[in-house]
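Colleague: I have not seen this structure before. Could you take me through it, beginning with how you use your terms?

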Amino acid sequence: MSTPARFEIWAPYAHQARITVDGAEFGMVRDDAREGWWYAEPADITPTAGQRYSFVLFDGTNWTKPLPDPRSRAQPEGVHGPSEVVPTDFAWSDDAWRGRELRGQVIYELHVGTFTAAGSFAGVAEKLDYLVSLGVTAIEIMPVQPFGGTRNWGYDGVDWFAVQHSYGGPTGLKKLVDAAHNAGLAVFLDVVYNHFGPDGNYNGLFGPYTTSGNTGWGDVVNISGPGSDEVRAYILDAVRQWLDEFHIDGLRLDAIHSYDDRLAYSIMEEIRAVADSVAADTGVPRIIIGESDLNDPRIINDESVGGYGLSAQWVDDVHHSIHTLVSGERGAYYVDYGTIEILADTLSHGYRFRGDYSIYRRRHHGRPLDMGAVAPWRLIAYTTTHDQTGNRAKGDRPSQNLTPTQLALKAAVVLFSPFTPMLFMGEEFAARTPFPFFVSHTSDELNRLTRHGRFEEFSRLGWRPEDVPDPADVRTFESAQLVWDVDEDQDEMFETYQALIGLREQYRLARDDLRDLHVEHGEQWLAMRYDTILLAANFSDAPVRVPVGGELVYSFSAPQVGPEETALGPWEFAIIEPQAPRRT
């Protein structure tokens with residue numbers, strides 16, 4: 001089994017360093033070849049699978065307590081315990097897997113801890129056949145790096161090379177990826193490189209992993225200041241580990257707009273280069289998706305025109321435009337949306353803001369995409385996500401507030417769009433469980449601060465504190481666990497998603513040019529038309545007549561489709577094949 005060649009650590013802040021391996025302490029010496037690095041002495045102390053180890057640093061005045069390795073690959077005793085040496089080898093059985101390009105994919109976002117009652121990678125693996133039957137082609141796993149306790153969304157991770165032990169650790173993740181590939185599913189992993197979690201983050205005792213400033217979730221990661229070469233290497237080595245050793249097909253980069261990236265070569269370009277390198281070595285595509293609210297085409301523009309070259313980006317504008325129309329909500333950032341004209345404009349251009357004034361931001365925002373150069377499938381669209389559900393006071397899902405007809409309408413617009421669709425776990429059967437924010441920090445004070453921060457944040461947005469579940473209460477976590485015992489109405493919604501995904505593939509709606517989509521609208525209706533298929537949608541609670549017709553292909557309800565006009569009831573949609581014009 002392959003293991004690291006020696007124990008070493010980047011600790012430029014240390015005056016002296018020691019390592020404890022299975023209870024025995026050894027000295028460490030500076031590495032003259034690499035600034036800030038230390039290695040264990042004597043040289044015959046070599047890592048062996050299963051060993052537990054930790055570091056002790058002297059800052060010139062005091063020795064620290066035993067600290068886990070910032071590059072730890074396993075934390076079986078939690079984020080405060082010793083690290084464990086784990087082998088890199090694994091008995092893979094996915095040799096036939098050739099991967100999937102992003103175009104044509106349907107992504108399914110899930111949280112390992114709440115997707116099944118098991119709360120583990122093994123539990124997810126048991127649902128792979130179900131996901132295949134739904135029609136999705138890739139699962140996107142919310143972050144799995146270690147966090148304090150056993151309950152967390154995952155965005156409080158601290159050991160960027162390791163895997164949460166309670167989920168199944170590194171071996172459990174590899175087993176899931178292997179099983180997914182054998183089922184024909186790609187696996188994307190959500191990773192957080194914009195901040196460290198507050199519980200178990202000891203990196204600042206080793207070196208300048210962070211710098212001045214705060215992202216709102218934690219200190220700014222140092223990817224531009226003094227010492228940032230090693231911090232960037234820390235990120236890039238982790239990226240290579242996931243894409244190469246773990247066979248992960250792609251990464252979703254959390255909140256890239258929070259990167260303090262001021263160097264001539266963006267860290268995003270470097271991440272993309274690592275992905276390209278692994279893809280070239282393996283012959284399997286590697287996809288990098290960014291989450292950003294900047295409406296900045298550089299994220300997905302090619303490097304040849306000054307872009308960062310990411311495969312795709314999340315685009316909240318599509319979600320906001322649909323959600324406000326169907327739900328009627330206009331608070332907070334939704335104030336910039338809410339009309340049929342805005343939805344039509346967003347569907348036609350990808351971004352809602354393209355240098356326009358934003359009421360919510362109180363400034364101009366965004367820049368247009370080059371419609372001829374950027375394929376629309378490089379934008380990820382959705383009816384909801386973990387954020388759009390969990391960052392509500394109660395964590396309530398759309399399916400807890402909307403009618404089945406409204407839910408089906410939202411799904412139809414997203415799945416009929418030329419953008420790459422993403423589902424959030426449970427939406428396909430109108431799950432009735434919420435997805436509130438939850439944590440289980442090992443410090444009572446951290447739990448108190450988290451609770452207070454959530455209450456303050458939602459108070460500013462007009463929510464009552466009593467409506468906000470306590471993130472640290474185990475009942476908050478338990479409420480988020482999906483209930484798989486579904487009823488007839490939920491089965492019908494599942495079948496609707498199945499049908500819409502099937503039609504998306506049948507009519508090849510993952511187009512290369514957004515101009516293939518023609519959008520028309522009236523005061524209450526909207527029509528999305530391609531060359532051979534169209535969707536007519538009623539975004540109101542009153543009947544409408546839409547001036548498009550043909551042969552009905554699919555609907556959730558029973559619209560009246562004529563040769564040239566379609567009658568839709570409240571919130572109804574119809575997918576129609578237009579009739580060929582008569583020859584004279």
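Modeller: Buried means under 20% relative accessible area, exposed over 50%, and partly exposed in between, with a 1.4 Å probe and protein chains only. This is a predicted model, where local features need pLDDT of at least 70 and side-chain atom pairs count only at pLDDT 80 or more, while totals for chains, interfaces and linings use all residues. Residues are numbered from 1 along each chain as its sequence is written, and side-chain values use heavy atoms, with hydrogens and water left out.

Colleague: Why does Asp190 count as buried?

Modeller: Asp190 counts as buried because its relative accessibility is 0%. Asp190 belongs to strand S9. Helices (H or I, at least four residues) and strands (E, at least two) are DSSP runs, numbered from the N terminus.

Colleague: Which side chain does Asp190 join in a polar contact?

Modeller: The side chain of Arg252, at 3.0 Å. A polar contact is a pair of N or O atoms within 3.5 Å; within protein, one must be able to donate a hydrogen and the other to accept it, and residues adjacent in sequence count only if both atoms are side-chain atoms. Arg252, in S12, also stands opposite Asp190.

Colleague: What else is Asp190 in contact with?

Modeller: Leaving aside neighbours within four places in sequence, the contacts of Asp190 include Ile141, Met142, Pro143, Tyr155 and His386. Contact means heavy atoms within 4.5 Å.

Colleague: How are S9 and S12 joined?

Modeller: Strand S9 (residues 186–191) and S12 run parallel and are joined by four bridges; two strands pair if DSSP finds at least two bridges between them. In that pairing, Val191 stands opposite Leu253. S12 is also joined to strand S13 (residues 287–290) by four bridges, again parallel, and there Gly250 faces Ile287 as its opposite residue.

Colleague: And the faces of S12: covered or open?

Modeller: Both faces of strand S12 (residues 250–253) are covered. Gly250 and Arg252 on one side are buried, as are Leu251 and Leu253 on the other. In a regular strand the side chains alternate between the two faces of the sheet.

Colleague: Changing topic, which strands form the open sheet?

Modeller: Five strands, in the order S19-S20-S21-S26-S23, with antiparallel pairing. Strand S19 (518–521) and strand S23 (551–554) are the edge strands, each pairing on one side only. The twist from one strand to the next averages 25°. Helix H11 (residues 404–416) packs on the sheet, touching S20, S21 and strand S26 (573–577), and its direction makes about 150° with that of S21.

Colleague: How do S20 and S21 pair?

Modeller: Strand S20 (residues 525–529) and strand S21 (residues 534–538) pair over five bridges in the antiparallel sense. Within the pair, Arg529 is opposite Leu534.

Colleague: Where does helix H14 lie?

Modeller: Helix H14 (residues 488–506) lies across S23 and S26, and runs at about 115° to S23. Its buried residues, among them Met493, Phe494, Tyr497 and Leu500, pack against helix H3 (128–134), H11, strand S18 (420–424), S23 and S26.

Colleague: What is found at the start of H14, and what follows the helix?

Modeller: At the start of H14, a side-chain oxygen of Asp487 comes to within 3.1 Å of the backbone nitrogen of Asp489. After H14 comes Arg508, with a positive phi near 50°.

Definitions and conventions
Axes are lines fitted to C-alpha atoms, for helices over the stretch in contact, and angles run from 0 to 180 degrees between N-to-C directions.
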